[in-house]
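Biologist: I would like to learn how to read the main features of a model. Please give the general idea each time, then the case at hand.

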Amino acid sequence: MFGDLKLTSDSPIYRQISHYIRDLIESGALRKGVRLPSTRELSHILKVSRNTVILAYQELQDDSLIENIHGQGAYVSAARAREGRKPVFDWPRRINDYGRKAWELNQTATAWQWRQGMIPFNSLAPDESIFEIEEIKRAFLNRIALEGEKLLNYGDAQGYRPLIEYLKHYLEDKGVDFQGKDLLITSGFTESFSLVMAALTNPGDRVICENPTHNLALDIMKLSGLQVNGVPMREDGIDPDELERALAQPGVKLGFIMPSYHNPTGLVMAPEKRLKVLELFGKYQVPLVEEGFNEELRHSGAHVSPLIALAGSGNGVVCLGSFSKILFPGIRIGWIGGDARLIAYLERIKFYRNIYTSLLDQAVLYEYLQNGRFQQYLKRAKKLYREKYEQALALARQYIPCRRVWGDGGLHLLIELDGIDARQLLADCCADGVLFTPGDIFYTDGSGAGSLRLSVSRVDRWEMEQGFAIIGEAIRRIKNGTGVSDDVGIHQNARPGQ
Ligand SMILES: Cc1ncc(COP(=O)(O)O)c(C=O)c1O
């Protein structure tokens, strides 16, 4: 920096030095608190006498631009140094279409405000009370003791090898044939889905999914500029005739199906229907992305295999799995299973986005999974969520006047209201301390205004009863035309024992 100063014979040398340093300070290149070279060092750099530098520093000191601290040297002083040039950008104006769309989608999804004490029927997060903190601590310490520093260094883009092998065996036990197939570790379903969309679709392509479908997947498809073709759901899942009509259209690139505890309907696709769906996708040569996020939590119905298992040695199904619901979303680990050549492409795309999923997280999760705790944990989780689901179903029937309650199980219910707008109902319930998800965000065609999703994973029976009673009461008020409650207090009764 100081070596760049070109001294001339036009003006006194010490002046040229002090002006040069003044410019650096005032432009922000030298910020307050920065130590200047000693007079000896600078005289050496500039090949001038030390006295010349002393004079230059004296002038800067007189102008309060620097201060000399005895025994330490000269520092840019707080008194005069400007904070530097501060360009001010209007960032929202610079955001591109992608960013703008992401912002707008988020605004529609969260048109309500969380307040302390609200009953969160909008949250699909798992119940923290069953998280095994001590086991996770132990898994962390064991794995670190075994592998040490390696876990803090770079890893393999495909994932932590022992975890890949564990998951392959796990899926083989569910009937998946891994001949010619492979598995990529990701940071959860959301990343997996984005990777698959990035690898297999171009803007304008048509993608088929259930209508309604998972709102995040729907938003990702919209953000990717895809034409989303939603196929109606009947009481037993996707309508096969409508599915065939959709598949017969030109330009269909992919299908996206959630066969178990579909979000938001909670339906589990029957085995015959699974086979029918596979047959149709095969007939029209369209690859199928299977979302298996809740597969492990299934407690209702006979044993049903994932679509990728039913596809046998065929390679038309790509399965996406996640530990977010069956274990903990904080660990952010999921996987993609499918044709080995497709997985190789997905791995490259992931590499250019984030290299790979945290090696430490993968290794700790592997330790936890392989020490046998996982199966016991799953048993407890299934029992807990089955009880919650059954309570929710009974309470919904008791308290919420509606046309239909959808679902076979899982962490939520979808309620179809009778001629009431769910957003109007939400405004009313919010005022009374109850949040839920309005159904419209799950629909591909702008419908669903008369439905709402109630997630029950994070509430206990008491909150369920309180919350459902509030929703039922609000429905009756709207029906009777007695208006929306304008009181923003929280109206729950005190919990027994409080
Ligand atoms: C249908 C569905 N899939 C997957 C997930 C989990 O996503 P992730 O694995 O990115 O946490 C959720 C979370 O709510 C979901 O509703």
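This is a predicted model: local features need pLDDT of at least 70, side-chain atom pairs count only at pLDDT 80 or more; totals for chains, interfaces and linings use all residues.

Biologist: Which domains does the domain assignment of the protein chain give?

Modeller: Domain bounds come from an automatic or database domain assignment. Here the assignment gives domain 1 (2–76), domain 2 (115–126 + 381–479) and domain 3 (129–371). The C-alpha centres of domain 1 and domain 3 are 62 Å apart.

Biologist: How many residues does the largest nonpolar core have?

Modeller: A nonpolar core is a set of buried Ala, Val, Leu, Ile, Met, Phe, Trp, Tyr and Cys residues joined through C-beta atoms within 7 Å. A residue is buried if 20 or more other C-beta atoms lie within 10 Å of its own, exposed if 12 or fewer, and partly exposed in between, with C-beta atoms placed from the backbone. The largest core here has 102 residues, and Ile336, Ile415, Cys429 and Val434 have the most contacts inside it. Domain 2 (115–126 + 381–479) and domain 3 (129–371) each supply at least three residues to this core. Another core, of 16 residues, lies apart from it and includes Ile21, Leu24, Ala56 and Val76.

Biologist: In what order do the eight strands of the open sheet run?

Modeller: Strands of a sheet pair through backbone hydrogen bonds, either parallel or antiparallel. Strands (E, at least two residues) and helices (H or I, at least four) are DSSP runs numbered from the N terminus, and two strands pair if DSSP finds at least two bridges between them. The eight-strand open sheet has the order β4-β11-β10-β9-β8-β5-β6-β7, with mixed pairing. β4 (181–186) and β7 (237–238) are at the edges with a single partner strand each, so one side of each has no neighbour in the sheet. Even so, β4 is largely enclosed by the rest of the structure, because five of its six residues are buried.

Biologist: How many bridges pair β4 with β11?

Modeller: Six bridges pair β4 with β11 (residues 334–339), in the antiparallel sense. Leu184 has Ile336 as its bridge partner in β11, and Lys181 has Asp339.

Biologist: What is the order of the open sheet of four strands?

Modeller: The order is β12-β13-β16-β15, and the pairing is antiparallel. β12 (404–406) and β15 (437–438) are the edge strands, each pairing on one side only. Three bridges join β12 to β13 (residues 412–416), with Val405 opposite Ile415 and Trp406 opposite Leu414. These two strands form a hairpin with five residues between them, and Gly407 in the turn has a positive phi of about 130°. On to the next pair: β13 and β16 (residues 451–455) run antiparallel, joined by five bridges, and His412 stands opposite Ser455. Four of the five residues of β13 are buried, so β13 is largely enclosed by the rest of the structure.

Biologist: How many residues surround the ligand?

Modeller: A residue is near a molecule if its C-beta atom, placed from the backbone, lies within 6 Å of it. The ligand is surrounded by 13 residues, the closest being Gly188, Phe189, Thr190, Ser322 and Ser324. The shell has five nonpolar, seven polar and one charged.

Biologist: Is Ala248 buried or exposed?

Modeller: Ala248 counts as exposed because it has 11 C-beta neighbours inside 10 Å. Ala248 lies in the loop between α10 (240–247) and β8 (252–257).

Biologist: Where is Ser77 placed?

Modeller: Ser77 is in the loop between β2 (73–76) and α4 (91–94). With 19 C-beta neighbours inside 10 Å, Ser77 counts as partly exposed. The C-alpha atoms of Ser77 and Glu67 are separated by 5.5 Å, and these residues are ten apart along the chain.

Methods
Residues are numbered from 1 along each chain as its sequence is written. Ala, Val, Leu, Ile, Met, Phe, Trp, Tyr, Cys and Pro count as nonpolar, Asp, Glu, Lys and Arg as charged, and the others, Gly among them, as polar.
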